[in-house]
Amino acid sequence: MAEKRVDEPTGTETMGHEWDGIEELNTPLPRWWLWAFYASIAWAAVYVVLYPAWPLIDRATAGALGWTSTGQLEQELAKEQARKAPLLSAIAATPIERLADDPRLMQAAIEGGRSAFKVSCVQCHGSGAAGSKGYPNLNDDDWLWGGDIASIHFTIEHGIRQPDHDETRMSQMPAFGGMLSPDQIADLTAHVRTISGQQKADVAAARGAELFAQNCAACHGPGGKGDRGLGAPNLTDAIWLYGGDAETIGQTIANSRYGVMPRWSGRLDPVTIKMLAAYVHSLGGGEAMPKSQMAEAEGTKADGQP
Amino acid sequence: MVSPEDLTGLKKKSLYAKREPVYPKAVTGRFRRLKWLVMAVTLTIYYVTPWLRWDRGPYAPDQAVLIDLAHRRFYMFGIEIWPHEFYYVAGLLIMAGIGLFLATSAVGRAWCGYACPQTVWTDVYQHVERWIDGDRNAQIRLAKAPWTASKLARRLFKYAAFLAIAIATGGAWIFYFADAPTLLRDFIAGDAPFVAYATVGVLTATTFTLGGFMREQVCIYMCPWPRIQTAMMDEKSLTVTYKEWRGEPRARGTKKATLVDLNRGDCIDCNACVAVCPTGIDIRNGPQVGCITCALCIDACDRVMTQIGRPRGLIDYATLEDCRTEAAGGTPKPLAKTIFRPRTLIYFTLWAAIGLAMLFALGARTRLDISAQQERNPIYVRLSDGDIRNSYTVKIRNMEARPRQVEVGISDLPEAVAWTIEGSREAAEGTVPVNVPADSVAKVKLFVAAPAAGPQEDDFVFTVRSLDMEGATATVESRFERPEEGR
Ligand code: SF4
Ligand code: SF4
């Protein structure tokens with residue numbers, strides 16, 4: 001190491017290092033900077049003792065304060081749960097038909113349903129509830145089993161065509177492939193497309209009309225307007241669950257359809273199911289409750305409350 | 001250890017000089033009076049403004065000037081600014097900037113010398129100091145004196161006074177951000193939000209240290225403004241100048257009688273100008289960054305000149321150009337010409353134009369605004385009758401301090417109907433009524449349905465119209481989307 005000496009122009013001691021004639025001056029770090037540095041070291045030491053610091057395989061060392069981020073999360077979740085509890089019990093205590101009477105409650109139910117939908121329903125109905133082929137679009141105004149909030153609630157609760165469940169929405173369309181000839185199926189298809197305004201009436205459609213009256217009108221109604229009691233779709237409107245083109249309609253008649261939906265009672269708690277119904281009802285196709293049922297609900301309410 | 005100085009005899013140079021305490025002497029005179037006046041006005045504005053009331057009706061706060069961060073409103077007398085109108089604040093800031101250019105190019109560092117908070121509070125603290133410790137000489141004596149009980153008592157009293165002023169300073173600031181009387185009550189009761197206490201704490205600490213101890217250090221080392229100002233001043237800007245051609249050569253202890261000696265300048269080297277300077281500089285060394293142009297040295301020197309029977313103005317406000325003219329024996333330009341010159345006039349025109357434009361824009365505001373966001377998931381829905389429906393979240397801002405009835409309509413979309421989530425399509429008419437609470441934003445979900453036949457993308461307009469005020473409308477363009485042909 002070279003001799004330490006003082007650099008003339010600056011009056012500063014050198015460090016004794018020299019590279020190619022360039023020397024390093026001894027200009028120590030400012031005292032305040034060093035103190036800040038030492039303070040950070042001390043702070044780090046204290047931190048390591050107080051907080052979880054060393055990563056282990058499945059967790060980190062427990063700090064003296066016993067703080068963990070998961071613990072904090074749990075605390076906050078519990079707090080959130082406690083905050084929501086009164087709202088949830090209010091929803092639980094309100095019959096589904098009466099939910100809309102309290103806008104605040106309804107709004108809370110819709111928001112709760114929105115997040116529950118994201119968990120349980122988007123797999124089939126899509127994140128915006130727009131459905132896809134075979135999975136109904138819940139935004140539109142066409143309902144197979146009823147679009148008032150109680151019907152929606154019933155559908156969510158009991159599912160559609162759940163084999164192990166007595167109360168489930170149940171109906172079955174026969175597969176006409178074995179009963180009708182391909183020509184007859186083509187005639188029927190022509191008729192269905194005529195009543196839904198997709199093509200002009202012709203001879204084939206006229207033949208189909210006869211076949212329809214014999215085979216289909218029992219469920220879909222004489223005019224093809226469907227029957228919500230049976231989940232039989234309205235064949236005259238513009239909405240097709242599986243497709244309204246001739247080929248798809250032919251397939252449907254020949255092979256039938258058997259859409260299923262899980263029942264959510266037993267899997268989701270009753271409040272969540274209520275909130276889901278409120279959310280689906282709010283999407284833009286929800287219908288008002290039929291007068292008769294409202295009167296009934298009024299009755300139960302009067303009976304239930306002394 | 002051998003220090004480098006010992007070895008070389010060279011002193012280390014430092015860019016930072018340790019603070020020499022400054023004990024400015026009290027002075028009287030016209031600029032000191034002006035300083036009192038500016039100080040009184042600025043402090044009064046600062047302390048009184050939050051307590052002024054302004055009746056805005058039952059739906060808005062009645063504080064004349066209020067920065068309501070929680071509700072994102074800014075109230076200033078009859079003007080209320082919403083966050084989306086922040087350009088008014090930007091405009092004010094630009095005006096403040098140009099205002100400083102204007103003031104600086106006309107009258108030099110007038111802001112520094114009179115209106116800057118650092119100057120004002122330092123001045124306050126120096127007066128308190130003089131009141132407790134006595135004037136300059138007494139202060140110097142006391143600083144050198146050994147620590148006795150009485151010195152300790154004086155010091156404690158002084159710092160207590162400093163602290164009280166600091167608390168009052170920090171305390172007044174928070175009243176701009178909440179209802180002043182309520183906040184004062186809460187603050188004393190200990191119920192005010194934490195941020196209020198934190199703000200008062202920080203501002204108290206900064207006032208105490210900056211005003212009590214650092215003083216001119218702030219101007220010289222911390223403040224960027226002196227550097228910027230140097231760039232904005234030119235030879236025609238007024239500044240405090242020592243007229244060296246008249247004062248030099250200076251001679252100490254001169255009396256009137258000896259002034260006949262023509263080899264002597266007017267400066268009698270009495271140092272009065274240095275003693276009164278709050279930043280502790282000697283103006284006779286020429287213009288310098290430490291000078292805040294408070295003009296107290298002018299007052300001091302004028303007194304001396306009067307006493308020795310010489311004309312005032314040995315130290316004076318002058319432009320560098322005037323200095324040169326005067327040194328060469330000419331007469332300086334009149335003050336009006338110095339102040340009204342192309343550069344200042346251009347600044348003023350700009351400043352006034354922005355101000356007028358803002359006033360005009362403020363006057364033309366409808367206080368009603370609408371924005372619409374289209375639902376993207378799904379973009380459109382086919383209804384059972386074949387029509388296509390899009391849905392929108394429409395926000396209506398009612399910026400007036402009263403609830404309003406408005407109606408939202410759509411136009412430029414043939415055969416379309418709109419309805420809210422509470423209504424139904426069957427009942428939908430031309431417009432949808434909405435009640436918007438006072439001073440707030442109403443958010444409504446609107447469904448719009450139109451026949452499926454039409455362009456895939458169709459621009460149309462949402463219009464909101466106030467039912468209680470003729471002509472108050474706002475519009476926003478939006479888009480209606482249909483499925484591709486053949487679906
Ligand atoms: S106060 Fe005037 S006379 Fe006295 S030293 Fe300063 S410039 Fe000279
Ligand atoms: S030199 Fe004069 S004008 Fe400048 S700061 Fe000192 S007293 Fe004020």
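Is His220(A) buried or exposed in this predicted model?

View 1. His220(A) is buried, with a relative accessible area of 12%, where buried means under 20% relative accessible area, exposed over 50%, and partly exposed in between (1.4 Å probe, protein chains only). Apart from neighbours within four places in sequence, His220(A) is in contact with Phe212(A), Lys225(A), Gly226(A), Ala232(A), Pro233(A) and Leu235(A), contact being heavy atoms within 4.5 Å. The model is predicted, so that local features need pLDDT of at least 70 and side-chain atom pairs count only at pLDDT 80 or more, while totals for chains, interfaces and linings use all residues. Residues are numbered from 1 along each chain as its sequence is written, chains are lettered from A and ligands numbered from 1 in the order in which they are written, and side-chain values use heavy atoms, with hydrogens and water left out.

**View 2. The annotated "binding site" of chain A.** An unreviewed UniProt entry lists Met173(A), Cys216(A), Cys219(A) and His220(A) under this heading; although they are spread over 48 residues of sequence, they cluster in space, with a largest C-alpha distance of 10.2 Å. UniProt positions are given in the numbering used here, feature names are shortened, and annotations may be inferred rather than shown by experiment. Met173(A) lies in the loop between helix H5 (149-158) and helix H6 (182-195) of chain A, and counts as partly exposed because its relative accessibility is 24%. Leaving aside neighbours within four places in sequence, Met173(A) is in contact with Thr252(A), Ile253(A) and Ser256(A).

**View 3. The largest nonpolar core, with Ile156(A) among its members.** Such a core is a set of buried Ala, Val, Leu, Ile, Met, Phe, Trp, Tyr and Cys residues joined through side-chain atoms within 4.5 Å. Of its 32 residues, Leu99(A), Phe117(A) and Ile156(A) touch the most other members. Helix H3 (103-120), H5 and helix H10 (270-282) of chain A each supply at least two residues of this core, and H10(A) gives the most, with eight residues. Apart from this core lies another, of 30 residues, among them Phe31(B), Tyr114(B), Cys273(B) and Ile315(B).

**View 4. Arg284(B) in a loop of chain B.** Arg284(B) is found between helix H13 (272-276) and helix H14 (296-307), and counts as buried because its relative accessibility is 8%. A polar contact of 2.8 Å joins the side chains of Arg284(B) and Asn271(B); a polar contact is a pair of N or O atoms within 3.5 Å, and within protein one must be able to donate a hydrogen and the other to accept it, while residues adjacent in sequence count only if both atoms are side-chain atoms. Not counting residues up to four places away in sequence, Arg284(B) also touches residues including Tyr242(B), Arg250(B), Cys267(B) and Asp269(B).

**View 5. The shells around ligand 1 and ligand 2.** A residue is near a molecule if one of its heavy atoms lies within 4 Å of it. Of the 13 residues around ligand 1, Cys267(B), Cys270(B), Asn271(B), Cys273(B) and Cys301(B) come nearest. H13 and H14 of chain B each supply at least two residues of the shell around ligand 1. Ligand 2 is surrounded by residues including Val240(B), Cys277(B), Cys291(B), Cys294(B) and Cys297(B).

Methods: Helices (H or I, at least four residues) and strands (E, at least two) are DSSP runs, numbered from the N terminus.
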